[in-house]
Amino acid sequence: MKNIKSILIAVILLLSVMVRAQVSVNVNIGTPPQWGPVGYTDVRYYYLPDIECYYDVHTTMFVYNSGGVWLHRAHLPSHYSHYDLYDGYKVIINDYRGDTPDIHFHNHKVKYKKGYRGKEQKTIGQKPGKGNSKKSGPGAKNSGKQVENANHNQKVQNNQPQQKQQQHQKSTNGGKNSGPGKGGNGKGGGGKNK
């Protein structure tokens, strides 16, 4: 009886280890890129209408036409080096599960012409150095201005203690030395008033 319990426990432990290993492998394969749209973790392909190519999330490869041949490559070709993956629109391909999305290219090219923008998208990660402002969707032209204005307001707030210190220094010196770049005579420059 003890042998049967021991064997049963060993089998259960072995199965649980195998299931955990399988889950961890599946989670790591096909992780969407940081520039991918939020909310589509189970999708395999994005179609990028601005450059007429696909991105395969599972293989992390771009699929594009080069001289009449569809290539699967880790990077876009050099003539797309200007293309911003964070700002470019991504069409989610839900209705295809194979390895050659290009068989539907002519339909996608007509339905999603260059410059196509559907509903607003946010990227999974932030655009390096710029934040997560997108150029697609309503009010997109103002999003960059909003970031710029927020940065300006932060700079103004950071400079306020310095300005108060200069005002205090001015009042304790009787206005004789107003600090560098701010002359008390209205002409700029530093030094004593005349």
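Helices (H or I, at least four residues) and strands (E, at least two) are DSSP runs, numbered from the N terminus. The model is predicted, so local features need pLDDT of at least 70 and side-chain atom pairs pLDDT 80 or more, while totals for chains, interfaces and linings use all residues. Residues are numbered from 1 along each chain as its sequence is written, and side-chain values use heavy atoms, without hydrogens and water.

Next, select Trp 35, Leu 48, Phe 62 and Leu 76, which touch the most other members of the largest nonpolar core, a set of 17 residues. Such a core joins buried Ala, Val, Leu, Ile, Met, Phe, Trp, Tyr and Cys residues through side-chain atoms within 4.5 Å; buried means under 20% relative accessible area, exposed over 50%, and partly exposed in between (1.4 Å probe, protein chains only). Strands β1 (45-48), β2 (53-56) and β3 (61-66) each supply at least two residues of this core. A separate core of 11 residues includes Tyr 45, Tyr 47, Tyr 54 and Trp 70.

Then display Arg 44 and Asp 56, whose side chains form a salt bridge (2.9 Å, N to O). The term denotes a side-chain nitrogen of Lys or Arg within 4 Å of a carboxyl oxygen of Asp or Glu. Arg 44 lies in the loop between α1 (2-28) and β1, and Asp 56 in strand β2, so the pair ties together parts 12 residues apart in sequence. Asp 56 is buried, at 1% relative accessible area.

Finally, select Asp 87 and Lys 127, which meet in another salt bridge (2.9 Å, N to O); both residues are buried.
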